[in-house]
Amino acid sequence: MRLQCPKFSPRTVVKCHFKNYDAGLFLADIATVPFHVAHIFDDPEDVCWAWGKLLSDALDVHVPVKRCISKRQHVPFMTPELLGSIRHRNKLRKLYFESKDPGDWEKYRLQRNLTSPLRRTEISSYLRSRADSAKGDPKLFWHTIKPFMHCKQSNNEGTFHLKENGVLLTDKKEMAEIFNNYFSLIQNVGEDHDSDIDVVGDISFHPSIAAIREECVASQFEFDHVSVAERS
């Protein structure tokens, strides 16, 4: 089972920093802001912009705006045990890259081999529990399964392949000709009821037929040859 759940991309969040905020100082500064200067403009939109600019400048001094990157969410099947195992594995891998010691590589390899089956077990448990809780609700079940059905590989742009006589073909026109000849032959054989061509061939010694003869208890079971007209 090689299920892969897509990782959540981190989000940039804009927050107001209230750590050093003092309500008294802020009110004192607001009282000294010359909001009347905004009315020198005749356009109401310009007045609104100037008034908002004066207020935002005062706010930036006492409540500065900071951009923070939110922590990436864990995959839905993550558990404390699995998370601890992954972190320990990553720590051992980093230690090996720094030391290049075979002993460190062996420790990392053992931890990696413990983490992989644990991850598969947690995924299986998560899907089973969600499937049980989603009984009678196909929408909930689909929302659970859909994140695991994405493709990490690049799009092949609709390239088709056909193996004909041991040769791998990619040309669409050549493949179309092969399919056309094949289905045309089948159609012509089906329409020609008087033809004596044996399309199937002799199947008396086919392994499946031999197995049926050995396992079947009916003594009168036999295969009979039929003509093309009878097969149609």
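Predicted model: local features only at pLDDT ≥ 70, side-chain atom pairs only at ≥ 80, totals over all residues.
**View 1. Asn 165 sits in the loop between strand E3 (162–164) and strand E4 (167–169).** Phi of Asn 165 is near 55°, a positive value, even though the residue isn't a glycine. Most residues other than glycine have a negative phi.

**View 2. Lys 100 has a positive phi of about 60°.** Lys 100 isn't a glycine either. You'll find Lys 100 in the loop that links helix H3 (80–99) to helix H4 (102–133). Its relative accessible area is 52%, so Lys 100 counts as exposed, the cut-off being over 50%.

**View 3. Asp 42, Asp 43, Glu 45 and Asp 46 make up a negative surface patch.** Asp 42, one of the patch members, belongs to the loop between helix H1 (23–32) and helix H2 (44–62). With a relative accessible area of 78%, Asp 42 is exposed.

**View 4. Stepping back, the protein chain has 8 helices and 4 strands.** Reading from the N terminus, the order is β-α-α-β-α-α-α-β-β-α-α-α. The chain has 232 residues, and 16% of them count as buried. Its accessible surface comes to about 19000 Å², with 56% of that belonging to carbon and sulfur atoms. Among contacts in the chain with a separation of 6 or more, 59% are between residues 24 or more positions apart.

Key:
Residues numbered from 1 in each chain as written. Heavy atoms only, no water. Patch = residues over 30% accessible without salt bridge, like charges linked within 9 Å, V, L, I, M, F, W, Y side chains within 5 Å. Areas by Shrake-Rupley, 256 points an atom, 1.4 Å probe, with all protein chains shown as cover. Salt bridge = Lys/Arg side-chain N within 4 Å of Asp/Glu carboxyl O. Lys, Arg positive; Asp, Glu negative; His and termini not counted. Charge placed at Lys NZ, Arg CZ, Asp CG, Glu CD. Helix = DSSP H or I, 4+ residues; strand = E, 2+ residues; numbered from the N terminus. Buried < 20%, exposed > 50% of the residue type's maximum accessible area, 1.4 Å probe, protein only. Contact = heavy atoms within 4.5 Å.
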